[in-house]
Amino acid sequence: MEFEETELRLGLPGNSGGEGEVARKRGFFETVDLKLNLSSKDVGGAGLDLDHDKVKGVQKDKNLLPSVADPAKPPAKAQVVGWPPVRSYRKNVLASQKSMSDESDKGAAFVKVSMDGAPYLRKVDLRMYKTYQDLYDALGKMFSSFTIGNCGSQGIKDFTNESKLMDLLNGSDYVPTYEDKDGDWMLVGDVPWEMFVESCKRLRIMKGTEAIGLAPKAMEKCKNRS
Amino acid sequence: MHHDRADQMSEDEDDHRSPPSDLEFTSSEARNYSTVGSGSGSGSGVPESQAPYLDQVLDNVLDNVLQFLTSRQDRNAASLVCKSWYRVEAVTRSELFIGNCYAVSPARASARFTKVRSLVLKGKPRFADFNLLPQGWGAHFSPWVASMAKAYSCLEKVHLKRMSVTDVDLENLAKSLPGFKELVLVCCEGFGTKGLAAFVSLCRQLRVLDLIESEVADDEMDWISHFPEGESCLESLIFDCVECLINFQALERLVANSPSMKRLRLNRHVSIGQLFRLLKIRGPQLTHLGTGSFSLSDLVPQGDQEPELDYASAFTACKSLVCLSGFREIVPDYLPAIYPVCANLTSLNFSYANINTEQLRPIIRHCHNLQIFWVLDSICDEGLQAVAATCKELRELRVFPIDAREDSEGPVSEVGLQAISEGCPKLQSILYFCQRMTNAAVKAMSKNCPDLVVFRLCIMERHRPDHVTGDPMDEGFGAIVKNCKKLTRLAVSGLLTDKAFSYIGKYGKLVRTLSVAFAGNSDMGLKYVLEGCPRLQKLEIRDSPFGDVALLSGLHQYYNMRFLWMSSCRLTRQGCQRVAREMPHLVVELIGSNWEDMEMDDVAEKLSMYMYRSVEMPREDAPDFVTIM
């Protein structure tokens, strides 16, 4: 195919798309840079308090994620500015209708949860929870019965039935990630909770060593933290 | 259909039924032809002393005759006959149409046409609607207001499309023209409810205020309350695009005070209960209605809603209703309320209503007289089949995507298109978004719908071939230009090679507007079109591999065209500069700041060129990111 438009450009509603401002979805490894220490005080009802404006202008190459993405599923096509040619007014109206109807639907939002090293998957209904903390608590309870072996040079603590996922994550290199509607693997906790529920398709609690393939620099920071 | 108000619904209401000529005098002056101003009006053999008197008689006769000439194409032709005709035509032209606000200056327009009552002015190129033109590019209404205030005391009507209008402009317009009657703003921006408030309070003779798909800033101003008290001559109030809360009591009062009101389109902040109240007042007179949200008010908790909403009879009084739209937050359960009016409808706009096939069926079954139908693809192919089964009078169909992304599901396909082509042979205009299409279905439409004037197919995934055969979509579009002999507007999509363009150049002799995206293989594609389509007026191209060679092959054509837009193609600065040098009356704008940093012969893959004819020097209001060659 000739002339493939592969530039990743997302125009926010109301923004001019032709020049400058480009909103890029924050991918996994660049947020590893920010905060891995998901202690309870950081997680509020609206998720982590990050400046979403940082999303704009962050250079990110989508191609660094293949080891994370499910190899069976092809990566979603990059959206191009102004295509399909539907006026932003119309797009905005339909988008806001959709978000309103989703609110009132209140159907269940079951997603699969996998944890690296765990023998089987679980399923959670995201609508059962109101905050990230609730979710972590629940996940911690779900997976606390497993014993997890060594993970590279870090060494992962064995933990008892009582310990929660937060303990697991604290000081270790387990990272909660999720696959969103576009097929990208994202770090859990960046976006407001409601937005996360809308876009999350599945969860994966990933070993930090998986991240090595993504961004060595990020792994350094991981190691330096503990 | 020419004066059918439903035209206002179209997202591009250019008249595709007669040849174009936005101010053709621009091209004649541009070419410096001698038709205008050559010779004197008097015939030969008449003694000199009597000549001025005869001129006077002639002028009077002409004056009276030319009054009746309404078509601007005819007027442009008449103005080229001789000086006398030029002069008389100029003073008798009451409707001035300017297709590109930068083609001519306000001063020049008002110097020539002195008795204008109605002005139609268009600004930004259409691709601005899709965020391809940065904010602040131009198309300001301000200089026109200033000029008109001085020149046109009898100006009553202004219709703007894709112009930048400020609150101050609105206020000045109203202040300088106290007898002003009609304001129509389509796809405009730059103003807010403050400007609206000022405008409506000053325009005591206002008959029409139509705000269509415009961006209106919320200044938290209760503009509806600013309409003058007492009886109003308001005939049309369209504000469905205004995303601000409104004072319903004031609106109700206004509607009650407007016995001539025929067209009312509400915004989504008007609930269904409020709609019914308005229908009780004005239902019988309304010809055009926009229903607002068509759901219960979200300000009042569900349980406390007005208990007695009479869904069954709310619309029964609407005997004059022919055009229905709105349904901004539709609750499909309430749809049966519109049954009483379905049989009379000629125009139905469901394009903001997320309804499925089963919800559509009982409605569309009754719409035998429907000519214009706008809808979301949520109705699926089966829904289109239902349309095809009933709407035998259908002239215009637009199917919009509920999920406008490349990789979305795509509930409509070639099946729906085929059904429509078989059921609606009178179809003249179609806009169809889909994910899958076949050449066979497009060919079928070209054969079944010979009256097609506008064919716009958008296969949302770029470069997508015929999904059954895997072939490019060349043959389908080829069939359209070949078989649809009246075709003037075409938008192509899917996988297309230069062959498709060779078809367009060969058969598309009446094509005036062409939209191209992600198509073609080489310069030949564009060349075919520029060399083959003599009536081409508006050509907009994005992300296609056409370069300088192609651009330069169209020099013979560019003065005949209103504009050429090319973005993310393969042009170089050098190529654009060459065109600018060879064609002094073309303004060649390079949009995007990187053009300056580029080497002359670097291919400018991500940048835009917008080129248009003009009798003026290049504009002085261009922002930083525009370089004029």
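Which residue forms a salt bridge with A:Glu198? A:Arg127 does, in this predicted model.

**View 1. A salt bridge joins A:Glu198 and A:Arg127.** The closest N and O atoms are 4.0 Å apart. The pair links distant parts of the chain, 71 residues apart. A:Glu198 sits in helix α5 (residues 193-199) of chain A, and A:Arg127 in the loop between β2 (122-125) and α3. A:Glu198 is partly exposed, at 30% relative accessibility. A:Arg127 is partly exposed too, at 31%.

**View 2. Helix α3 (residues 132-143) of chain A.** Ten of its twelve residues are buried, so the helix is largely enclosed by the rest of the structure. Among the buried residues are A:Tyr132, A:Leu135, A:Leu139, A:Met142 and A:Phe143.

**View 3. B:Lys426 and B:Glu393 form a salt bridge.** Their closest N and O atoms are 3.0 Å apart. B:Lys426 lies in the loop between α14 (414-423) and β15 (429-434) of chain B, and B:Glu393 in the loop between α13 (380-390) and β14 (396-400), so the pair ties together parts 33 residues apart in sequence. B:Lys426 is partly exposed, with a relative accessible area of 34%. B:Glu393 is partly exposed at 25%.

**View 4. B:Asp621 meets B:Arg619 in a salt bridge.** The N to O distance is 3.0 Å. B:Asp621 is partly exposed, at 30% relative accessibility. B:Arg619 is buried, at 10%.

**View 5. A network of salt bridges links residues of chains A and B.** Its members are A:Arg87, A:Arg90, B:Asp129, B:Arg162 and B:Glu213.

How values were computed
Residues numbered from 1 in each chain as written. Chains lettered and ligands numbered in written order. Predicted model: local features only at pLDDT ≥ 70, side-chain atom pairs only at ≥ 80, totals over all residues. Heavy atoms only, no water. Helix = DSSP H or I, 4+ residues; strand = E, 2+ residues; numbered from the N terminus. Expected span 1.5 Å × (residues − 1). Buried < 20%, exposed > 50% of the residue type's maximum accessible area, 1.4 Å probe, protein only. Salt bridge = Lys/Arg side-chain N within 4 Å of Asp/Glu carboxyl O.
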